[in-house]
Amino acid sequence: MNYLNNTPRYIKLCLIPAAMVFSAVTTYAQTDNEESGDVYTLDDFVVSGTRTSLAKARDIKMESRVISDTIVAEDIAKFPDLNLAESLQRIAGVAINREAGEGRRVTLRGLGPDFTRVQLNGMEVLGNVDSPQDSRGQGSRDRAFDFNIFASELFNRVEVKKSYDASQTEGGLAGTIGLITAKPFDYGEGVNAALSVKMGSNTLTGDLQPRTAFQVSNTWGETFGALISVAYSERDTDEQGTNTFRWRPSANEQGSDISALPAETQAALTNGELRFARGNRISSWQSHQERLGITSAFQWRPTDELHFTLDILHGEFTGERDELHLNSRGANSSSWLGGGTTVDGVVYPNSTINELRFNENGEVVFIDVSGGNNATETRRQLAENEFDQLVLTTDWQISDALKATILLGTEKSTYDIPISDKFYLETFGDVTTDYTLDPNDLTNTYGFDPADPTVWRAHEIDFEGRFQETTFDNAKIDLEYTFNDTSSLKFGLASQEFFNSGFREINSNVLRSDFQSGAVDDDISEYYKIFTDHEDQDWTIVDFDAALETLGVTRSIAGSDRIYEVEESTNAAYVSYLWETKVGGKRLYGDVGVRGYETDVTSSGVASVERVVDEETGELDEFEERITVGQSYDGFLPTFNATLELKENLLLRLGLSQNINRPSIGSLAVNGDVSGVPDSETEEFNVEVGNPGLEPYESDNIDLSLEWYFGDIGTFAVGYFFKDITGLIGTETVENVPFSETGVPLSVLDGLTPDSIVDEFSRPINHEDTTIEGIEFSFQSDLDFLPGPLEHLGFVGNLTFVDGELDYAAPGDDVSLIRSIEGLSDVLGNATFYYETDKWGARASANYRSGYVARATPIGNDEDGDGFNSTVYVDFSAFYQLNHKLKLTFDVINITDQREEQYSDLTARRHYNSTSSGTTFFTGINYKF
């Protein structure tokens with residue numbers, strides 16, 4: 001697929017002036033006679049090196065009035081990592097999760113991605129990509145930002161604010177991550193440009209992966225400047241391994257022949273004491289990804305007192321995906337049990353279990369089956385994501401004492417999966433499945449050849465699509481009045497409009513009954529393919545387009561569901577007093593303030609209504625009903641921050657604050673299910689809906705940091721944080737309540753009254769409290785005390801310990817309680833050694849994240865939550881400076897091919913999903929004009 005052919009026309013027009021400027025700059029560079037081979041230096045640091053980046057970041061951290069960390073680009077269009085999330089994991093307290101080896105989302109100080117507010121050029125934003133895997137939350141509706149939507153080359157600074165002050169927008173309990181794109185006046189006078197071209201490959205995919213970025217800026221005196229940057233990358237990914245699709249208890253209701261098993265094993269099975277892996281899948285998730293990002297920045301300074309900055313950003317991320325499985329397909333998705341059926345008059349009996357072994361937990365870890373129902377799943381997806389933002393910032397020094405900053409911004413992002421289709425094949429054959437060799441993996445041995453297309457038949461086709469859209473509109477003004485050298489007053493107003501909507505389209509079981517009966521030929525000889533990319537096994541899949549053409553099927557969607565809209569309108573104001581004084585001859589400075597906010601929420605969705613009109617025949621009346629519900633909440637958030645200079649370069653910081661976090665989009669959406677059954681006296685109903693009446697989570701925060709700055713780049717810091725959070729969301733299920741208590745309008749069903757009895761009512765509610773505390777250690781320094789060539793070594797490292805527990809505050813025993821904090825890793829660590837001279841340098845980094853809970857809520861009888869085991873990712877990069885313009889680069893990502901291991905059930909920790917994504921290599925050039 002040619003990515004740029006699908007690029008909007010106005011984006012292509014943006015590229016035309018960039019090409020013209022590039023041509024002019026190239027000509028300018030060719031006429032430059034200063035061809036010195038020396039590396040340009042500034043304050044004894046190599047401009048394009050790690051040391052400069054660390055020094056700049058240290059200065060920003062030192063001057064901040066809150067506890068923060070910063071990452072600064074090493075050079076024009078050169079961030080220290082290939083992905084923003086991967087750069088962020090170098091900061092103490094930050095953990096990331098990965099998709100196909102690439103960083104995607106951020107967990108900060110033990111709280112998941114939903115708790116971290118992300119700003120882009122000063123404006124809050126939301127950009128969703130998604131996960132290709134259902135077990136990792138594909139299509140989830142949340143407030144988390146996916147950092148892999150943008151190439152890192154588009155940014156020159158990332159800031160992480162860990163403590164809170166009143167001038168910050170409320171809403172990020174974990175902290176605020178600020179992304180800043182380049183500005184023309186960042187690079188001095190005249191024309192500045194840089195080009196980065198890399199080519200890479202991956203050990204699993206073997207493809208060529210181009211990655212390029214270009215940035216050019218110009219300033220006309222000190223009045224006007226313009227900048228444009230473009231980043232494009234393309235790559236294939238393959239994340240492959242095994243998958244169980246969770247585990248489920250079974251009593252052999254399906255009727256497999258178990259006569260060959262010992263009597264005690266038969267008894268355990270028929271008594272429902274054994275639990276089986278549902279899928280036993282050998283799996284591969286493949287994707288062809290293309291990513292385009294364009295930023296423009298214009299700065300106008302008509303006077304020394306008045307500055308305007310206009311930032312425009314456009315991003316596109318497209319993935320053409322293939323998800324492929326070879327798996328069991330027993331009855332009721334219960335491993336190799338049952339599975340018998342009749343196809344075009346031919347009877348296939350239920351499976352025969354020849355041998356079965358289970359562990360002390362009743363989990364079947366080995367099974368030998370004859371006539372097992374085998375399946376392959378061929379899934380194709382097209383995922384398209386677009387992001388557009390425009391921000392106008394005005395800085396105005398109104399008088400010597402009063403200055404103002406005004407921001408107006410708008411953002412729109414779309415997450416569209418127009419195609420998410422599945423084609424299933426089926427056969428019957430002998431298989432053994434073994435979990436005893438590796439508790440986090442499985443081995444299937446087949447008594448037939450899964451790569452022989454003649455043994456397979458067509459079984460079923462499913463069509464699906466999803467869409468989600470988010471818009472943000474921001475307006476805010478910040479003013480600061482300076483009384484004297486030691487005190488000032490900051491105050492401001494902010495207004496924010498947030499809108500999020502989405503739906504799903506689905507058409508399932510296409511041709512299933514026709515294949516079964518023989519009405520449609522289930523022969524696949526005209527559209528099969530052999531999948532050979534998995535390291536463990538080859539098997540038969542389908543060519544989707546050829547299959548639809550052969551079968552005469554036109555892709556169609558039967559209807560939409562999960563339709564929702566959530567709108568939030570927030571107005572806020574704050575006031576903060578900034579002060580400075582002396583205590584015992586030592587400088588003490590800080591601020592004290594309060595922020596007030598008011599939020600109106602309107603949630604609209606479509607509930608699926610199912611009413612049994614005849615209990616004897618089971619006749620159903622099914623329809624959809626739109627529901628709209630609104631609510632408001634407000635509050636005040638006090639803040640206090642202070643910094644004591646114990647010595648010139650030794651700072652002690654304290655932050656005390658209150659903050660909030662707004663509930664997830666999925667919890668606020670009112671779409672759900674309403675069903676009713678009549679009887680002789682009254683009607684009883686079941687209702688399961690979202691809850692737009694949810695209040696935000698509230699947190700009392702204590703932050704402490706002791707920071708020592710030494711040498712040219714040296715920093716040592718110890719930080720402590722404590723958060724007391726109330727109002728976390730869990731699921732409440734209550735019985736026999738009046739319909740009036742559900743919040744659902746009576747109009748969803750004729751004849752409803754406020755007193756109609758709801759047999760079972762489920763919804764998310766605020767009912768849990770938690771405390772999180774942790775300690776962070778971070779250190780960075782040159783190791784120039786070492787002898788000889790070792791003096792060019794340096795080290796950057798951090799270590800974080802986090803602890804958290806939940807207090808159950810839900811009423812009654814009918815409430816399903818969340819017992820673990822999702823996303824919390826109790827140990828995080830990062831270590832980077834770098835070696836750098838004027839001509840060359842190298843850097844090796846290792847990042848450790850201990851295991852964590854991904855989902856704390858049960859899924860039926862399959863599992864009581866799930867999580868991930870610990871990981872260590874190791875990366876390497878190097879450069880060689882040919883001259884002051886040209887630099888060669890080499891990068892290796894995920895050197896050890898770290899395996900991602902997801903487990904099922906928080907107590908039993910059964911194998912769920914185990915995948916690896918290979919090692920990626922890049923080599924390239926950076927050229928400065």
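Reader: What makes Arg 109 and Asp 703 a salt bridge?
Author: Their closest N and O atoms are 2.7 Å apart, and a salt bridge is a side-chain nitrogen of Lys or Arg within 4 Å of a carboxyl oxygen of Asp or Glu, so the pair qualifies. Arg 109 lies in the loop between strand E5 (102-108) and strand E6 (116-120), and Asp 703 in strand E33 (residues 697-710), so parts 594 residues apart in sequence are tied together. Strands here are DSSP runs of at least two residues and helices (H or I) runs of at least four, numbered from the N terminus. Please keep in mind that this is a predicted model, where local features need pLDDT of at least 70, side-chain atom pairs count only at pLDDT 80 or more, and totals for chains, interfaces and linings use all residues. Residues are numbered from 1 along each chain as its sequence is written, and side-chain values use heavy atoms, with hydrogens and water left out.

Reader: What makes Glu 836 and Arg 51 count as a salt bridge?
Author: Their closest N and O atoms are 3.9 Å apart, which is within the 4 Å limit. Glu 836 sits in strand E38 (residues 827-836) and Arg 51 in helix H2 (residues 50-63), 785 residues apart.

Reader: Why is Glu 836 called buried?
Author: Buried means under 20% relative accessible area, exposed over 50%, and partly exposed in between (1.4 Å probe, protein chains only). Glu 836 has 3% relative accessibility, so it counts as buried.

Reader: Why is Val 197 called partly exposed?
Author: Its relative accessibility is 37%, so Val 197 falls in the partly exposed class. Val 197 is found in strand E10 (residues 192-202).

Reader: Are Asp 905 and Arg 909 buried or partly exposed?
Author: Asp 905 has 10% relative accessibility, so it counts as buried. Arg 909 reaches 41%, so it counts as partly exposed.
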